[in-house]
Amino acid sequence: MKRADLQKPLQHHQFASDNYAGICPEAMQAMAEANRGYASSYGDDYWTGKACERLRELFETDCEVFFVFNGTAANSLALASLCQSYHSIICHEMAHIETDECGASEFFSNGTKVLLVHGENGKVDLGEIEHTVQRRTDIHYPKPRALSITQATELGTVYTVDEMQAIGEVARRFSLRIHMDGARFANAIASLNVAPKEITWKAGVDVLCFGGTKNGFAMGEAVIFFNRELAFEFDYRCKQAGQLASKMRYLAAPWIGTLESGAWLRHAAHANACARKLEKELQSIAGIRVMFPCQANSVFLEMPPTLMEALRNRGWHFYTFIGSGGARFMCSWETSDADIAALVKDIRELVQQNT
Ligand SMILES: *Cc1c(COP(=O)(O)O)cnc(C)c1O
């Protein structure tokens, strides 16, 4: 770890990531409630049981639910349970499992190869999936077994219900199991305004990694197996990977607090609305360009490097390593109208100075 910057305990001007935001009040309160007294450890407690039930209600099906600390573990352990080591996983070239998980999917699956496909706006191209499966059927090729879909995508777009159904059909045709990286699943649901089952098990998704962290938890993701058979011995996988929380009630409680209050959807809708507002304000500024349709909580901008530098000098944080070189501005449950107004004002001023 780097040495801490002791001068700046709190940072403002945050559009770097939704995981820069704090813990939302509903998650915090639920943890405080779970904090009264003793509870059994390793998931054998009231809170964990209740959180599983709330998730089963949300998805309207009897799924198997597990809680892990972070998204990389959720994705890679889930994928490992869909594949043998001689199989392959098909995903988009921008997929987090490919670009941002340090090879964890290959590691936890003991070498299952990740095969990449292209596709507009961060979404997999179905023709390319078909080609990837069919170009080789001999024993020397890593047999495609899983298809990993990110919803909402790394580029802030969202697969529609129809698109998910089409993906499900392709997967069925080629006997591919579907994994959904839902680090921003709540943002996708808020964007589509559909029941969660419509873009998951009804479309053939076998396992969903449902993100809590970026939607206002201290930490924690739920791994949800709609195909219950695939969850066989998943608890052992979690334990071996160091992902079986002994005080699991604190990973579980935020799900109860945010699901029962509806905050999970409200916060995601708020973050989406902030991104849309930011997009709208920025569209009128000459010299910068919004790169992808804004369907979730991020806005990607193409802008001159000098402008990026000038923004950073004014204290703004944003990422430029995700996607294809643009500047990503990510909104969260905590983003305020004032944050957006201040960012837009600075961009406007700097653009004017440079022209
Ligand atoms: C943030 C994120 C994850 C999870 O990342 P962790 O840092 O491991 O929690 C997974 N997928 C996507 C698309 C993400 O944006």
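**Entry 1, ground rules.** I number residues from 1 along each chain as its sequence is written. In this predicted model I take local features only at pLDDT of at least 70 and side-chain atom pairs only at pLDDT 80 or more, with totals for chains, interfaces and linings using all residues, and side-chain values use heavy atoms, leaving out hydrogens and water.

I worked on a 1 Å grid over the protein atoms alone, where a pocket is an open set of points with protein on both sides within 12 Å along at least five of seven lines, and a cavity is a set where a 1.4 Å probe fits but cannot get out. Lining residues have an atom within 4 Å of a point. Points are joined across faces, edges and corners, and a volume is the space filled by probe spheres set on them. The largest pocket came out at about 490 Å³. It is lined by 26 residues, and Asn19, His96, Ala183, Arg184 and Lys214 are the closest to its centre. I sorted the lining into 9 nonpolar, 9 polar and 8 charged residues, counting Ala, Val, Leu, Ile, Met, Phe, Trp, Tyr, Cys and Pro as nonpolar, Asp, Glu, Lys and Arg as charged, and the others, Gly among them, as polar. Helix H3 gives the largest share of this lining, 4 residues; helices (H or I, at least four residues) and strands (E, at least two) are DSSP runs numbered from the N terminus.

The residues around the ligand (a heavy atom within 4 Å) include Asn70, Thr72, Asn75, Glu101 and Asp181. Helix H3 (residues 71-80) again leads, with 3 residues of this shell. The shell divides into 1 nonpolar, 6 polar and 5 charged residues.

A polar side-chain atom of Lys214 is 2.6 Å from a ligand oxygen. A polar backbone atom of Gly71 is 2.8 Å from a ligand oxygen. For His96, a polar side-chain atom is 3.4 Å from a ligand nitrogen. Of the 390 Å² of accessible area that the ligand has on its own, the protein covers 82% (Shrake-Rupley method, 1.4 Å probe).

My search of the whole structure gave 1 cavity of 30 Å³ or more. The largest cavity holds about 40 Å³. Its lining includes His92, Gly122, Ser148, Thr150, Glu154 and Tyr159. Strand E4 (residues 143-150) gives the most to this lining, 3 residues. The lining residues split into 4 nonpolar, 5 polar and 1 charged.

Most residues other than glycine have a negative phi, and most peptide bonds are trans. I noted a cis peptide bond between Gln151 and Ala152, with omega about -10 degrees. Ala152 is in the loop between E4 and helix H7 (161-173). Ser175, in the loop between H7 and strand E5 (177-182), has a positive phi near 55 degrees.

Notes. Polar contact = N/O pair within 3.5 Å; in protein donor to acceptor, adjacent residues only side chain to side chain.
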